[in-house]
Amino acid sequence: MKYIFIFLLFLLNTTAFATEPVHAVSMHGQPKYAADFKHFDYVNPNAPKGGTLKQASFGSFDTLNPFSIKGNVAPGLGLLFETLMVSSADEHFSQYGLIAQKIEVPEDRAWVAFHINPKARFQNNEPITAEDVVFSFELLKEKGMPQYRYYYAGVDKAEATDKYRVLFTFKEGENRELPLILGQMPVLSKAYWKDRDFDATSLEVPVGSGAYRLKEFKLNRYVIYERDKNYWGADLPVNQGMNNFDEIRYDIYRDSAVAVEAFKSGAYDVRLENEAKKWATAYDIPAYYQGQLIKKEFKHSLPSGMQGFVMNTRRKIFENPKVREALQYVLDFNWLNENLFYGSYRRTQSYFDNSDLGAKGLPTAEELTLLNPLKKDLDARVFSEEITVPELDSYNPRPQLLEALDLLSEAGWNVQEGVLKDKNGNVFKFEILLDTSGAAAWERIALPLVRNLKKIGIQATIRVMDALQYKHRLDNFDFDMCVMVWGQSLSPGNEQRYFWSSAAANQSGSYNLAGIQNPAIDVLIEKVVQAQTTEQLKTATKALDRALMWGFYVIPNWYSDKTRIVYWDKFEMPDVIPMQGVNIMTWWAK
């Protein structure tokens with residue numbers, strides 16, 4: 001009977017069985033590693049196991065469920081959960097088998113099928129089956145973080161065709177990335193979650209399938225993970241040279257200033273340093289000169305993404321693009337870079353800086369082919385001018401501030417007795433919201449901005465909130481201005497919907513903090529998602545970049561093409577650093 005059913009299914013949907021299962025899939029072209037590869041090139045397959053890696057985290061936590069919008073998640077929970085496939089760090093976007101040992105993808109990518117490794121186990125030793133995958137898909141889409149609804153929107157149906165094979169059939173329309181997006185899906189235990197409230201915050205340790213188990217935690221103090229000696233996937237090629245520490249510990253600190261002092265005293269081992277001043281001055285201690293403390297920069301080839309002061313266009317004062325454009329003139333990057341950042345940053349000019357995905361110069365003929373049908377919803381300068389972020393002259397800011405005032409006047413705001421007001425006498429004022437964990441650094445940056453805003457009559461204030469309140473305010477778009485980072489990959493795609501689409505603008509917890517609702521941007525996002533070649537992808541991202549930059553949704557900040565890490569001399573690492581940057585999980589204890 002089973003074989004008759006399979007034959008009938010074949011007759012009904014022959015395309016679903018038209019390909020051979022393969023070990024890997026790539027967004028464009030072929031995967032780098034052959035089916036018989038032993039390990040990735042950027043690991044040491046002979047790295048010894050043992051030792052402890054101690055790291056720091058900030059703020060607080062009240063949940064051990066990393067997939068729900070509710071609560072503040074404990075650090076490191078990703079160590080518990082595995083995905084169907086795993087990406088390599090030395091390719092633009094290729095995935096290799098993890099829970100799924102094989103994948104089927106037709107040429108038109110109208111569907112994808114994953115073959116679950118029969119050896120795959122949850123940490124309670126229950127087998128991982130296709131039924132768990134379908135359950136995970138439906139649960140994450142219905143009740144998970146908002147991004148899952150956007151990532152999986154193109155899936156028409158998910159079904160377990162047998163115990164170890166799951167088939168995802170897609171809706172009409174080009175979406176070459178969707179098989180890889182599904183490959184990134186975490187697989188949850190149906191037996192564990194089916195009778196639990198997925199929406200609620202919980203401090204019950206969930207069942208995972210990863211290389212680490214949660215050993216111990218103390219609320220808002222620390223979380224400790226231990227390497228699972230019985231981990232089912234230890235011998236897989238994708239795991240060789242990885243997961244080398246016996247324990248990984250996260251200690252929770254209130255803010256970065258306290259964390260730095262704790263680090264210098266040896267309380268934890270490794271620190272990713274994002275503050276230029278701390279990088280330049282904070283580690284000038286005897287241990288550094290004695291070689292016990294190491295500072296190292298790791299160059300990467302990833303797009304910088306966009307970090308900036310986000311203007312919430314849901315607020316009336318930020319509705320007008322001329323107002324948003326005016327505020328571009330007020331940030332004095334050169335002064336900040338010279339006096340606070342030790343000249344270590346470059347000014348952000350694109351949502352895809354540090355890559356060939358960002359727009360430069362005038363739009364090409366290929367870009368105009370995408371942009372011309374969208375003219376009514378785009379700034380006219382998209383088609384005729386190069387993108388340039390205004391640079392305030394620290395020594396003579398008057399011309400730039402006058403430019404800002406002219407734009408504000410065109411938008412109906414004029415200075416009256418030193419205060420910017422509209423025709424009804426309403427004062428232009430807003431609040432810059434900051435999180436306590438980074439407030440010390442960001443207040444130093446925001447205060448000069450506030451002073452420059454005051455010069456053109458704008459009353460801006462800074463408000464610092466604890467991590468839980470801050471997250472709640474951002475999840476519900478209850479802010480005027482905040483600082484946000486949108487990371488980008490070498491293969492942008494479905495996540496752009498979550499960042500900029502009209503649908504995401506009113507979805508609580510989405511990353512569309514600016515509240516962008518522009519039909520042209522919606523169309524360009526789909527062009528990115530539907531790109532079938534690398535050249536099409538570049539053209540589409542450049543066109544999208546122009547639309548976003550000329551929308552003036554953020555005051556762009558700065559970026560670096562290096563990752564700065566400070567660590568105590570307890571570790572060794574592979575000689576090869578891949579294009580996507582350093583990965584501490586490839587390190588090992590001396």
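Predicted model: local features only at pLDDT ≥ 70, side-chain atom pairs only at ≥ 80, totals over all residues.

Student: Where is Glu 443 placed?
Tutor: Glu 443 lies in helix H13, residues 439-455. Helices (H or I, at least four residues) and strands (E, at least two) are DSSP runs, numbered from the N terminus.

Student: And which residues does Glu 443 touch?
Tutor: Leaving aside residues up to four places away in sequence, Glu 443 touches Leu 434, Pro 448, Ile 462 and Val 464. A contact means heavy atoms within 4.5 Å.

Student: New topic: what is the phi of Phe 477?
Tutor: Phi of Phe 477 is near 55°, a positive value in a residue other than glycine. Phe 477 sits in the loop between helix H14 (467-475) and strand S20 (481-486). Phe 477 counts as buried because its relative accessibility is 8%.

Student: What about the phi of Asn 354?
Tutor: Asn 354 has a positive phi near 65°, and this residue is not glycine. Its loop runs between strand S15 (346-347) and helix H11 (365-371). Asn 354 counts as partly exposed, because its relative accessibility is 23%.

Student: How many helices and strands does the protein have?
Tutor: The protein has 18 helices and 25 strands. Buried residues make up 56% of its 590 residues.

Student: How many cavities of 30 Å³ or more are there?
Tutor: The structure holds 2 cavities of 30 Å³ or more. On a 1 Å grid over the protein atoms alone, a cavity is a set of points where a 1.4 Å probe fits but cannot get out, and lining residues have an atom within 4 Å of a point. Grid points are joined across faces, edges and corners, and a volume is the space filled by probe spheres set on the points.

Student: Which residues line the second largest cavity?
Tutor: Its lining includes Tyr 42, Met 573, Asn 583 and Trp 587. The second largest cavity contains about 50 Å³ of space.

Definitions and conventions. Residues numbered from 1 in each chain as written. Heavy atoms only, no water. 1 Å grid on protein atoms, 1.4 Å probe; cavity = no way out; pocket = protein on both sides within 12 Å on 5 of 7 lines; lining within 4 Å. Buried < 20%, exposed > 50% of the residue type's maximum accessible area, 1.4 Å probe, protein only.
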